Amino acid sequence: MRYLDEVTFVKESPDSHYDPDLGEWVEKEPTRTVFSANITDIGTDRSAKVFGDIKQGAKVMRMMPLFNMP
């Protein structure tokens with residue numbers, strides 16, 4: 001199986017917070033992690049089993065083994 005697609009997971013920074021002095025939400029830089037994946041359309045039989053009917057545009061994303069979420 002080829003893992004030709006790149007997938008980027010974005011995790012919000014735990015340091016983001018509301019600053020009452022500024023009166024606004026202060027965003028810190030999120031953590032971005034890029035992984036290789038194989039993304040294909042879901043089959044009609046699997047779509048019927050998983051969703052109960054056929055969903056248009058549903059995809060399957062297969063990741064490499066030993067994948068760790070950030």
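Ser 13 counts as buried because its relative accessibility is 13%; buried means under 20% relative accessible area, exposed over 50% and partly exposed in between, with a 1.4 Å probe and protein chains only. The model is a predicted one, in which local features need pLDDT of at least 70 and side-chain atom pairs count only at pLDDT 80 or more, while totals for chains, interfaces and linings use all residues. Residues are numbered from 1 along each chain as its sequence is written, and side-chain values use heavy atoms, with hydrogens and water left out.

Ser 13 sits in the loop between β1 (5–11) and β2 (17–19). Strands (E, at least two residues) are DSSP runs numbered from the N terminus. Apart from neighbours within four places in sequence, Ser 13 is in contact (heavy atoms within 4.5 Å) with Lys 28, Glu 29 and Pro 30.

Asn 38, in strand β4, is buried as well, at a relative accessible area of 14%. With neighbours within four places in sequence set aside, the contacts of Asn 38 are Met 1, Arg 2, Tyr 3, Asp 5, Val 60, Met 61 and Arg 62.

| Side chain | Backbone atom | Distance |
|---|---|---|
| Ser 13 | nitrogen of Asp 15 | 3.1 Å |
| Asn 38 | oxygen of Arg 2 | 2.8 Å |

The largest nonpolar core consists of 5 residues, Val 7, Phe 9, Phe 35, Ala 37 and Met 63. Such a core is a set of buried Ala, Val, Leu, Ile, Met, Phe, Trp, Tyr and Cys residues joined through side-chain atoms within 4.5 Å. At least two residues of this core come from each of β1 and β4. Ala 37, leaving aside neighbours within four places in sequence, has contacts that include Val 7 and Met 63.

There is 1 aromatic pair. Phe 9 and Phe 35 are edge-to-face, at 5.9 Å centre to centre and 65° between the planes. The pair links strand β1, which holds Phe 9, to strand β4, which holds Phe 35, 26 residues apart. Rings of Phe, Tyr and Trp (its six-membered ring) pair if their centres lie within 6.5 Å; planes under 30 degrees apart count as stacked, over 60 as edge-to-face and the rest as tilted.

The structure has 1 salt bridge, defined as a side-chain nitrogen of Lys or Arg within 4 Å of a carboxyl oxygen of Asp or Glu. Asp 41 and Lys 59 form the bridge at 2.5 Å, N to O. Asp 41 lies in strand β4 (residues 31–41) and Lys 59 in strand β5 (residues 59–63), so the pair ties together parts 18 residues apart in sequence. Both Asp 41 and Lys 59 are exposed.

Methods:
Helices (H or I, at least four residues) and strands (E, at least two) are DSSP runs, numbered from the N terminus. A polar contact is a pair of N or O atoms within 3.5 Å; within protein, one must be able to donate a hydrogen and the other to accept it, and residues adjacent in sequence count only if both atoms are side-chain atoms.
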